[in-house]
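Please read the points below with the sequence and the model in view.

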Amino acid sequence: MRQSTSTLPPTQVFCPNRLGTGFRPAADDAQVIRDAAAIGAPAICLQPGIVSAEARRIATEAGMHYVEDRCLIIERATAGLIRPS
């Protein structure tokens with residue numbers, strides 16, 4: 001098994017709502033997805049500009065929802081969504 005290239009433990013890479021966010025160098029994406037799958041994250045989102053066929057395959061095989069090349073904050077603003085008060 002390959003050692004994680006992430007400098008953060010998997011539990012610190014992912015948001016409290018259990019949506020993983022891939023703010024790592026593109027070369028680390030496959031391992032980030034493996035780490036997310038290992039802790040049972042149901043979804044992962046890779047930052048803008050990051051597209052990875054290998055990461056998508058790993059996420060799909062793990063049954064995770066997968067989004068790439070998107071920023072959740074930008075998407076939320078574009079859609080006019082706001083946090084409930």
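The numbered points that follow move from the whole chain to single residues.

1. Basis. The model is predicted, so local features need pLDDT of at least 70 and side-chain atom pairs count only at pLDDT 80 or more, while totals for chains, interfaces and linings use all residues. Residues are numbered from 1 along each chain as its sequence is written, and side-chain values use heavy atoms, with hydrogens and water left out.

2. Overall arrangement. The protein holds 4 helices and 3 strands, in the sequence order α-β-α-β-α-β-α. Helices (H or I, at least four residues) and strands (E, at least two) are DSSP runs, numbered from the N terminus. Of the 85 residues, 34% are buried, where buried means under 20% relative accessible area with a 1.4 Å probe, counting protein chains only.

3. The paired strands. Strand β2 (residues 43–46) and strand β3 (residues 65–67) run parallel and are joined by 3 bridges; two strands pair if DSSP finds at least two bridges between them. Ala43 stands opposite His65 of β3. From β2, Ala43 and Cys45 point one way and Ile44 and Leu46 the other, and all are buried.

4. The crossover. Together with helix α3 (residues 53–61), β2 and β3 form a right-handed β-α-β unit. Right-handed here means that, with the strands pointing away from the viewer, the path from the first strand over the helix to the second runs clockwise. Ser52 lies in the loop between β2 and α3. Ser52 counts as buried because its relative accessibility is 15%. Beyond its neighbours within four places in sequence, Ser52 is in contact (heavy atoms within 4.5 Å) with Tyr66 and Glu68.

5. The nonpolar core. Such a core is a set of buried Ala, Val, Leu, Ile, Met, Phe, Trp, Tyr and Cys residues joined through side-chain atoms within 4.5 Å. The largest one has 13 residues, and Ile33, Ile44, Leu46, Ala59, Met64 and Tyr66 have the most contacts inside it. Helices α2 and α3 and strand β2 each supply at least two residues of this core, and α2 gives the most, with 4 residues. Leaving aside neighbours within four places in sequence, Ile33 touches residues including Ile44, Leu46, Ala59, Met64 and Tyr66.

6. Ala30 belongs to helix α2 (residues 29–38) and is buried, with a relative accessible area of 8%. The C-alpha atoms of Ala30 and Ala55 are separated by 4.6 Å, although these residues are 25 residues apart along the chain.

Notes. Buried means under 20% relative accessible area, exposed over 50%, partly exposed in between (1.4 Å probe, protein chains only).
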